[in-house]
Protein chains: 2
Amino acid sequence: MSAPGTHEPGTIEPGTIEPGVLCGVGTGPGDPELMTFRAARRIGEAPVVAYFCKRGTTGQARRIADAHIRPGQIEEALVYPVTNEIAHEEDSYRERIEAFFDEAAARLATHLEAGRSVCVLNEGDPYFYGSFMHVHLRLRERFRSEVVPGVISPLAAAAQLPTPLVMRDDTLSIVPGTLPEAELEAALRPAQAAVIMKLGKQLPKIRRVLDRLGLSARAWYIERASFDEERVRPLAEAPEVAPYFSLLVIHGEGVRR
Amino acid sequence: MSAPGTHEPGTIEPGTIEPGVLCGVGTGPGDPELMTFRAARRIGEAPVVAYFCKRGTTGQARRIADAHIRPGQIEEALVYPVTNEIAHEEDSYRERIEAFFDEAAARLATHLEAGRSVCVLNEGDPYFYGSFMHVHLRLRERFRSEVVPGVISPLAAAAQLPTPLVMRDDTLSIVPGTLPEAELEAALRPAQAAVIMKLGKQLPKIRRVLDRLGLSARAWYIERASFDEERVRPLAEAPEVAPYFSLLVIHGEGVRR
C-alpha cells in the first residue's frame, strides 16, 4: 500500500511516459456555488473528466461541474449497467456491477498510462460514501492518486436548521439508514447528534429507533440539501417514502463534559 | 424558535430600517483554495466581516478569507479575553467568557439593527463545533440568520490517506478527544470509521481506547490538514502531545450489511 500523503507507487524508467494522476474531486452537495476553488481548478486543468451516471443522464456530479468543463477535454461517462431485471441481493447482480467497475477502471487506466491525468467527479466528497472508491481501489497501487475534499450533504442539510449540528462536547454519528434495526440503534445510542442517510423506504424502522432513543423531537427531514427545491420539515411531517438525496439530521445539545 | 430554513423572526414596520442578516460563513479547513464560491461571494458582499481571534493575531479564519475582504468593509475582530490566570474549570473563567460572548453579540447587533448585514467567518463549517454558535445562539431570535457550509477538517485530513473514510455501510463517529475515557469508548465502539478531534494531551487515553477496540492499526495522525505543513503518520508515530489543528482519522472497512 502506498505511503500516506504521497500515493506514489514507484519510480519511472527514463524515456517512458510519466503516468497521469487519478484525482477524485468533490463537487459539493448540489449547488455549483458550494464547489471549492480547488475543485474547479482541478476540473478545468484535467485532460480527462470522468463521472459515474445512470443510463439516459449525465448525472448530478457532471451537472454541478458543468461551468468548469472545457470543450477540449475528454469526457468519460461511466454508465451503470441496467440491472432492473436482477434483484440486488443476487450474486449475478453483484458480479455484473463489479465487472462494470473493472471495465471503468480499465478505461481510466488507459488514459493514465498514456500520461493523461483523470479527474473523477464525485458529488459531495470522494472519500465520503463516494463512487470514486470503485476506481480508486482498483487503480491506487499502479497510479498516483489525489483527493480534493468537498462540502458533504450532512453539513449542507444542517445549515438549513436554526441550531448548530454539533457544539462543545457533542459527538456525531453518521449512519446509512439501511442498517439492520439493532445496529442502527447501537450506532446512534451514544451520540448527541446524528445524520441518517440513504433513507429510501427505511423511515418506519428509523422512526422506531429514534423514538426508543428519545431523539425524535430533535430530528429534521431534509430533501435535496442545497438544491432550489430544498424542503426542511420536522421528522413527524416526513413522507412515507423518502426520495434520493434526502436525509435526517438530529442536531446536538451542546453538552459539556 | 424560528421555523427551519427561514430564520425570519417577524415582520418589519413600514418606514423602519430592515435589519441586516447574520451570516455564518465556513471558510474551510485552512487552504484558501478549499473555500467555496458561495463563501467568497458572501464575504465580499457583506458590509461587516466579523471573526473570533486571540489577542495579538487576527486568527485563521481571517487569514483564509483574506483575498475576499475589500478595503471598504467594516471588520469586527472579536478578541477573546486573556484568561491564563484563571483555570478553565473555574466559574469565574466561564463567567468571563460568557460576558465576552454577550458583548460580541451586542456589537454585531448594533450593525444588524442599523441594516448592515454581518458575515461571521468560521473555520471549517459554522455548525460543526464552530465559534459562530456563540453569537448565533444569542441573536437568532432577533435577526434573520443564514449559514454557508464549508469543508470540514475531518474530510481534509482523510483526503490525505490512501483509503476512503467511509464506504458502503460503514458508520462514522466524530468525537472530541476530551471526552472521559468510558464515554469515548462508548462513542467509538459501534462505528467502523471515526475522527477524533481536540487531541491536545489526550493521546495516552485515546491510545488505550483504540487498543481495546482494535482500531489502532487503522488510525492515522494528521497535523494541520490542508496547510503546507501537513504531516500524516500512523498513530504509532504520533507525538506525545498533539498541537492544535491535529486529529486522528480511523478509516472504515467498507462493510456490507
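Student: Where is B:R168 found, in terms of the helices and strands around it?

Tutor: B:R168 sits in the loop between α5 (153-158) and β6 of chain B. Those labels come from DSSP runs, numbered from the N terminus: helices are H or I runs of at least four residues, and strands are E runs of at least two. This is a predicted model, in which local features need pLDDT of at least 70, side-chain atom pairs count only at pLDDT 80 or more, and totals for chains, interfaces and linings use all residues. Residues are numbered from 1 along each chain as its sequence is written, chains are lettered from A and ligands numbered from 1 in the order in which they are written, and side-chain values use heavy atoms, with hydrogens and water left out.

Student: Why is B:R168 called partly exposed?

Tutor: Its relative accessible area is 27%. Buried means under 20%, exposed means over 50%, and partly exposed is in between (1.4 Å probe, protein chains only). The 27% of B:R168 falls in between, so the residue is partly exposed.

Student: What is the phi of B:R168?

Tutor: B:R168 has a positive phi of about 50 degrees, although it is not a glycine. Most residues other than glycine have a negative phi. B:K198 is another non-glycine with a positive phi, of about 55 degrees. B:K198 lies in the loop between β7 and α7 of chain B, and with a relative accessible area of 38% it is partly exposed.

Student: Why does A:P176 count as buried?

Tutor: The relative accessibility of A:P176 is 1%. That value is under the limit for buried residues, so A:P176 counts as buried. A:P176 lies in strand β6 of chain A.

Student: Which residues does A:P176 touch?

Tutor: Contact means heavy atoms within 4.5 Å. Leaving out residues up to four places away in sequence, A:P176 touches A:Y129, A:L184, A:M197, A:K198, B:R168, B:D169, B:D170 and B:T171.

Student: What sheet holds β6(A)?

Tutor: An open sheet of ten strands, in the order β9(A)-β8(A)-β10(A)-β7(A)-β6(A)-β6(B)-β7(B)-β10(B)-β8(B)-β9(B), with mixed pairing. β9 (231-234) of chain A and β9 (231-234) of chain B stand at the edges, each with a single partner strand, so one side of each has no neighbour in the sheet. From one strand to the next, the twist averages 15 degrees.

Student: What makes β8(A) and β9(A) a pair?

Tutor: Two strands pair if DSSP finds at least two bridges between them. Strand β8 (residues 219-223) of chain A and β9(A) have four bridges, in the antiparallel sense, so they meet that requirement. For A:W220, the bridge partner in β9(A) is A:P234.

Student: Which helix lies across β6 and β7 of chain A?

Tutor: Helix α6 (residues 181-188) of chain A lies across β6 (172-176) and β7 (193-197), running at about 160 degrees to β6(A). Axes are lines fitted to C-alpha atoms, for helices over the stretch in contact, and angles run from 0 to 180 degrees between N-to-C directions.

Student: Turning to chain B, why are the buried residues of α6(B) said to be on the same side?

Tutor: In helix α6 (residues 181-188) of chain B, the residues B:L184, B:E185, B:A187 and B:L188 are buried. They cover an arc of only 165 degrees around the axis, which puts them on the same side of α6(B). The arc is that of the directions from the helix axis to the C-beta atoms. These buried residues pack against β6 (172-176), β7 (193-197) and α7 (203-213) of chain B.

Student: What unit do β2(B), α2 and β3(B) make?

Tutor: With helix α2 (residues 59-65) of chain B, the strands β2(B) and β3(B) make a right-handed β-α-β unit. A crossover is right-handed if, with the strands pointing away from the viewer, the path from the first strand over the helix to the second runs clockwise. Strands β2 (residues 48-53) and β3 (residues 74-79) of chain B run parallel, joined by six bridges.

Student: Why are the two copies described as related by a two-fold rotation axis?

Tutor: A rotation of 180 degrees with 0.0 Å of shift along its axis superposes chain A on chain B, at an RMSD of 0.0 Å. The copies are thus related as by a two-fold rotation axis. Superposition is by least squares on the C-alpha atoms of residues with pLDDT of at least 70 in both.
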